[in-house]
Amino acid sequence: MGLFDRVFNGADQMYRKAESEYEKTVAELGADAPLMMPDTAYFMACIYAYQARKITKLGDLREALDEIKAKMTHEQRTGDVFSSGIASVMAAEVIECCKYAGGRSPYEGTKYHGHFSDAEVRELGVPLVTQDIPGFVVIIDPAPSDEDAAALIKGYQNRGIFVFLIGGVIDQAIRMKIQMGFPVRVVPVGEDIWAVGHIISLVVRAAMIFGAVAPGDWDAFNEYSFHRIFAFVNVFPPLRDMTVACGAGAIAKGFPVITNVVENVWKVPKTIIIQENVADFIETSLEARDIKIKITDIDIPVAFSTAFEGEIIRKKDTRVDINGARVDCFEWVRTKEAHEIEDHSITLDGPDIEEFEPGATMGVGIMVDVAGKNMQSDFEPVFERKFHNFLNCVEGVMHTGQRDMIRVRVSNDAFDAGFRMKHIGEVLYAKVKSEYDTVVDKCQVTIVTDPAKLKELRAEANKSYDKRDMRLRSMTDENVEVFYSCILCQSFSPSHVCVVTPERLGLCGAVSWLDAKATNELDANGPCQVVTKKLLLDENIGSWEDVNEAVTQYSHGALERVTLYSILEDPMTSCGCFECICGIEPASNGVTIVNREHTGITPLGMTFSEMASMTGGGVQTPGFMGHGKHFIASKKFLKAEGGVARIVWMPKALKDIVRDRLNETARELYGIDDFCSMVADEGVSEDPETLLEFLSEKGHPVLAMEPLL
Amino acid sequence: MSGWNQLTTVEEMEADTQRLRDTACQVCAETYEDRKRNQTPQCRFGEDGVCCRVCSMGPCRVTPKAPRGICGADAHAIAGRNYLRMIAAGTASHSDHAREILHVLHMSSPDGNYPIRDEQKLIRLAGEYGVTVEGRDIYDIAHEVAETALMEFGKPFGTQRFAERAIPERRAIWASEGIMPRAIDREIATAMHMTHMGNTADAEALVRQGLRCGLSNGWGGSMLGTEVTDILFGTPTVRRTEGNLGVLEKDMVNIAVHGHDPVFSEMVVFAAEQKDLIDRARAAGARGINIVGLCCTANEIAMRHGVRMAGNFLQQENAVLTGALEMMCVDVQCIFPALAQLTECFHTTFVTSSPIARIPGSTYVEFKPETALEQARELVTAAIDNYKNRDESKVFIPEHKQTAVVGYPTEQIIKELDKVTNSHVDERGSFRPAIDAIKAGVLRGAVAIVGCNNPKIRPDYSHFEIMRELLRNDILIVATGCAAQLATKAGLMNMEAKDLCGAGLKRVCELIGIPPILHMGACVDISRMMLLANGIARDWGVDINRIPVVGVAPEWMSEKAVSIANYVVSTGIDVYLGIEPQVKGSTQMMELITQGTRDIVGAGFIINKDPHDLVRAIIDGIEAKREALTALGVL
């Protein structure tokens, strides 16, 4: 007998049982006996939902039964299996509800819960629909041992999963002294398989209450539960045909079945899963129903809140100083295969904080391995960059830098509260898992503090960074198919839109093209959207019709045109959080760039803040432009105006940051060596006259260029 | 009832064609329908395959009164020879196309017109061929792989390397039945030699050579064509595109690429994306350049670039009849010579590009890989300059078009199936999820729908009806060629088309996130389908002829199709045909192709011109295979 035949056979058995219960009850109470399910406005909810039939007295069931029978078709097709399955559940409801006929209260004083009131549906329904309860499980029949049953139930409870129990597993729970009842989210529903009628009654009522699904719309009830109710079934032996038939009903509603029964069971991907190891039931089940548990509590001895993001830890308060500038340190996200990762494993390889003198410098390598069906290696740097935010939220921990130039300080207070290296792992695990749940299915953290191993691992990490940089560097605005918009900061600058390209990162410096791509893929409706670049208007100034359309759309009409490579013609706007600002210096025909950190005056006679006030807020100010530091060395920087050769002045600190790459760009574009030495800084001049003198002396290429204005 | 139903029906497609025929009348152009009328009634002897003209004693035509030709060849010999010659021609076409691409691989270079786009696939193939990979430049490897592959065409000894990919059970049959394919050219030449005057008169021997010649295509030429096209242009991945004549744009420079070999069309697509040419198009008053595909060239570039598909074989004249086509660029195979006369009625420039397909009245630009980009740019430029010559009074573009999700080579199918594995119990990277779904009965089986259009029957109707019915019966469809195009035009490659399926297939589509018909490529890519069936059988642990997977060619017409049908059958897959092969005049041949091959390779043809009867037969055939598997205890 095949799977389908088991369903049909089970359905027939359930029907016969329902019919005989019905006839028995009618014989006892008469067909006119009232049949009103208590505390519900939805009658016998399964029958109401699927047949649009309002049962109020026992005799009404006759026609309902006929319709149930008619739905138990036996063609060898999934449609027949689904329909027989739902019909079996309705038959189950008939069996159960006959017990309530004539106003009886069949489960009063028993260990079973039976029928759910509308109030309970609502209480459970809201968090289910909003996914505050991530899902519910129906456990049917006894687990291999009482201990297995208890571990399973508690495991679900710990993950916030609502648990319904049917059959022998209930006695196991009682023997293991598991506290049960609706408030603790473990409900012993009933003794026999037909108790599923109560559970599906609850599911269809949720569809009617929260989904406004109309009674009689068979498909809509199944669609609703398939897409919105994250339920699944765990079933143990003996797997009778009637249970298989109800399983077909569950599957029709989108609920997968996980069982340890091997004989006469057919695997169906994501639908019927045979897991012989009961200890793996929970994880197998959650994966089958695509339930990812949001980690809300992070197991660390200090507080975790964005309130601590700006916390500064002074040297004297520092218990340990993890300093990439002095010893080997790094942060490294690696993509792995799912089987290579033990989820939530946190390993410390080497001495912990207490083995260092107070205030000592410590080398630390943090490796976060992730796996997921939708994971892409392009996301690695995106996660890595977020470590900064994650760790800064820890009370008593300060984090700066990235890659192998990190600096992390752990305060004396945090150490005294019990904070150790493994807690860094806990934080990263919890945050990576919860923030990137759409792509990360599994995550493990390894923290290496053993100096002997760090050197080698750091070199390896650097290879990986280099590879990523190579990939990033090989990407140009021309060889990618799309750009991305970024409106991350529209909360305070409502009309600003960044257009992020491989060669022009977001002006805040925090969003590269890859970041934007990842953000888009992680959250399709999020702040970064695809901007096509099919309709080129002018390559030189970087103008596209579709980019303009996107800017118009995302600025809500405030802006209609931007160019990506020009400071004069429709320059890109700024929100206010730019890393640098660039402004035209009229005397030299060049531009000066000043970074946010520089407090002094520029040859324009203005400071950063004064220049910043000229632009920002999403307004276009030709001649002024906010941008990221790393845009300076881009070949697209002021491309329309002649490129980086326009740069005449930068603060020394900024020059140091961009020197190598800027020199390389100038060499490639103009064949000039050591271009940065021709660019003035605050040490040379802070006024136009001395600036011009310096430029003439150095033979700066800008002097030979066409006037800007 | 919820559910999507916004298909474009065959009736709607026919109404569009009718409207375009009005244009044809207006400009005094003829279409295939006119010519078909002129050709009716068609020659019965030819139709039945019993006209022999292989020597100049003939032609000899077999009738009950004259049952033998002058040399004494009977209907079975004559029909068998004609049939084998069709297979040889089909094998030659696919394989020569593959050889052209291999030559391009052989001259690939990092800064030339044709770089390597799928290095991994190249390295895998190098491994299969025993070509050294370690420490070598990828292009050195490519050139050696190309040389090795080119030897498959004419090597004096040995059999096709790709035959080694087949499961051992299949290989054993090919070996014991003496149909293991040798060098491709050898099999074609042997077929031609056997059918020369005074050689084989034994129909079974001719059929056996047909199987072997077919195999040299399916597990030789075509498979090489597919592999190498992937290496050069990238293995296709999932893309969204659109199909039907509505993809022509009224305010853009429209260029259709048509044929089969993507070497040419890839470059045209690339050229049309270049900025200076787009600027030129704008300067000419157009909104841009719109490249669309026809026939299998469309399938190739849709799967790799999402280029939109204007239509299938019998739509080629319609594309011109819209009056909105600036240029029709063709490469090889399935090109109507009639396009030359037809394009003369419009401003459309008709460009032929291959010495294989020379057509009088066309502009011939022999396409050379060394100068490919330059040539493509010149053609696109010419098309742009032709935009001003468009006669608006002749323009009518039918509105119908549908979105489609395309690009499912076997590699992608495995990736899709991985999505429904459970990491706690399942292995990844196999066809097992599909097998499990079939075993449980959620899917009843899978059907490959392939082939052309044929005016002998109502065009596209058979494809449409058969697809609809199979979907309703929880049978997953993979499609290539003009059949795939029909699915696109109709909307059956939409994700939403799941709503037209039985509950089992619908659920599978929802869980994986696929349309119910998977687009596997051009007709040369039917080799992908062989690897799919082979992979399923391997992972199932049974021979290919046991799995509930069959092939259907409802509207086939070309000699390539006959060659394909032969390798599909040789692979152990039943082939359902909606057009009769031209052997009806021989009872023995009819018996051989429907039954006789079952004793040789365990599969054969089932022929029925009525699409509803044919689809019923397909479903029954699949259910029969399921029952046989149940009896074996492996379902």
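This is a predicted model: local features need pLDDT of at least 70, side-chain atom pairs count only at pLDDT 80 or more; totals for chains, interfaces and linings use all residues.
Chain A comprises 709 residues, of which 50% are buried. Its secondary structure consists of 20 helices and 23 strands. The C-alpha trace of chain A extends over about 110 × 60 × 40 Å along its principal axes. When contacts in chain A between residues at least 6 apart in sequence are considered, 71% of them link residues at least 24 apart.

The two chains A and B meet through 30 residues of chain A and 26 residues of chain B. On the side of chain A, two or more residues are contributed by each of the helices α1 (3-29), α4 (78-98), α9 (218-228) and α11 (281-288), and by the strand β6 (272-274). Helix α11(A) provides the largest share of this side, with four residues. In composition, the side of chain A that touches chain B includes 13 nonpolar, seven polar and ten charged residues.

Chain B is assigned three domains: domain 1 covers residues 71-233, domain 2 covers 245-394 and domain 3 covers 403-632. The centres of domain 2 and domain 3 of chain B, taken over C-alpha atoms, lie 32 Å apart. Their contact draws on 14 residues of domain 2 and 20 residues of domain 3. Within the domain 2 side of this contact, the elements that supply two or more residues are α12 (295-305) and β6 (308-311) of chain B. The largest share, seven residues, is that of α12(B). By residue class, the domain 2 side that touches domain 3 of chain B contains nine nonpolar residues, four polar residues and one charged residue.

The largest nonpolar core of the model has 439 residues. Residues with the most contacts inside this core are found in both chains, namely V196(A) and V499(A) in chain A, and I255(B), V268(B), V380(B) and I477(B) in chain B. The element that gives the most to the core is helix α4 of chain B (residues 75-106), with 15 residues. In soluble globular proteins, nonpolar side chains tend to be buried together.

Notes. Residues are numbered from 1 along each chain as its sequence is written. Chains are lettered from A and ligands numbered from 1 in the order in which they are written. A nonpolar core is a set of buried Ala, Val, Leu, Ile, Met, Phe, Trp, Tyr and Cys residues joined through C-beta atoms within 7 Å. A residue is buried if 20 or more other C-beta atoms lie within 10 Å of its own, exposed if 12 or fewer, and partly exposed in between; C-beta atoms are placed from the backbone. Domain bounds come from an automatic or database domain assignment. Two residues are in contact if their C-beta atoms, placed from the backbone, lie within 7 Å. Ala, Val, Leu, Ile, Met, Phe, Trp, Tyr, Cys and Pro count as nonpolar, Asp, Glu, Lys and Arg as charged, and the others, Gly among them, as polar.
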